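Student: I'm new to this model and would like a close look at one part of it. Could you walk me through it slowly?

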Amino acid sequence: MTKETKIIVGVLAGAALGATIALALSSDSSNEVKDKLSDWFSDLLDSSKSKLSGLADRASDVADKVKDKITEIKA
């Protein structure tokens, strides 16, 4: 894992833990807490997928630029 990946995973894990504790300590009923957690994790997963998709697009763009530079240098 790269340093950036470890940081992202740590932040996401900390946020998930904090949200879980906050919801568990709230006065809502058990089913409401489960629903809130489910919705929150679903939103977190969707957000993470879109961010990773954006990173993949950027990486692809950078790879294309490097490929073009290498082709340019060889010519």
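Where is the place of V62?

Tutor: Happy to! The place of V62 is in helix α2, which covers residues 30–74. A helix here is a DSSP run of H or I with at least four residues, numbered from the N terminus. Before we explore, please note that this is a predicted model, where local features need pLDDT of at least 70, side-chain atom pairs count only at pLDDT 80 or more, and totals for chains, interfaces and linings use all residues. Residues are numbered from 1 along each chain as its sequence is written, and side-chain values use heavy atoms, with hydrogens and water left out.

Together with V66 and I70, V62 makes a nonpolar surface patch of about 250 Å².

Now find W40 and F41. The whole structure holds 1 aromatic pair, and W40 and F41 form that pair: their ring centres are 5.0 Å apart and their planes meet at 75°, so the arrangement is edge-to-face. Rings pair when their centres lie within 6.5 Å, and planes over 60 degrees apart count as edge-to-face. How covered are these two residues? W40 has 28% relative accessibility and therefore counts as partly exposed. F41 has 36% relative accessibility, so F41 counts as partly exposed too. Partly exposed lies between buried, under 20%, and exposed, over 50%.

Next, please look for E72, whose place is also in helix α2. With 56% relative accessibility, E72 counts as exposed.

The place of V11 is in helix α1. V11 counts as exposed because its relative accessibility is 55%. Go back to W40, the tryptophan of the aromatic pair. Along the chain, V11 and W40 are 29 residues apart, while their C-alpha atoms are separated by 15 Å.

So, on your tour, start at the patch of V62, V66 and I70, stop at the edge-to-face pair of W40 and F41, and then look at the exposed E72.

Definitions and conventions: Patch = residues over 30% accessible without salt bridge, like charges linked within 9 Å, V, L, I, M, F, W, Y side chains within 5 Å. Areas by Shrake-Rupley, 256 points an atom, 1.4 Å probe, with all protein chains shown as cover. Salt bridge = Lys/Arg side-chain N within 4 Å of Asp/Glu carboxyl O. Helix = DSSP H or I, 4+ residues; strand = E, 2+ residues; numbered from the N terminus. Phe/Tyr/Trp six-rings, centres within 6.5 Å; stacked < 30°, edge-to-face > 60°. Buried < 20%, exposed > 50% of the residue type's maximum accessible area, 1.4 Å probe, protein only.
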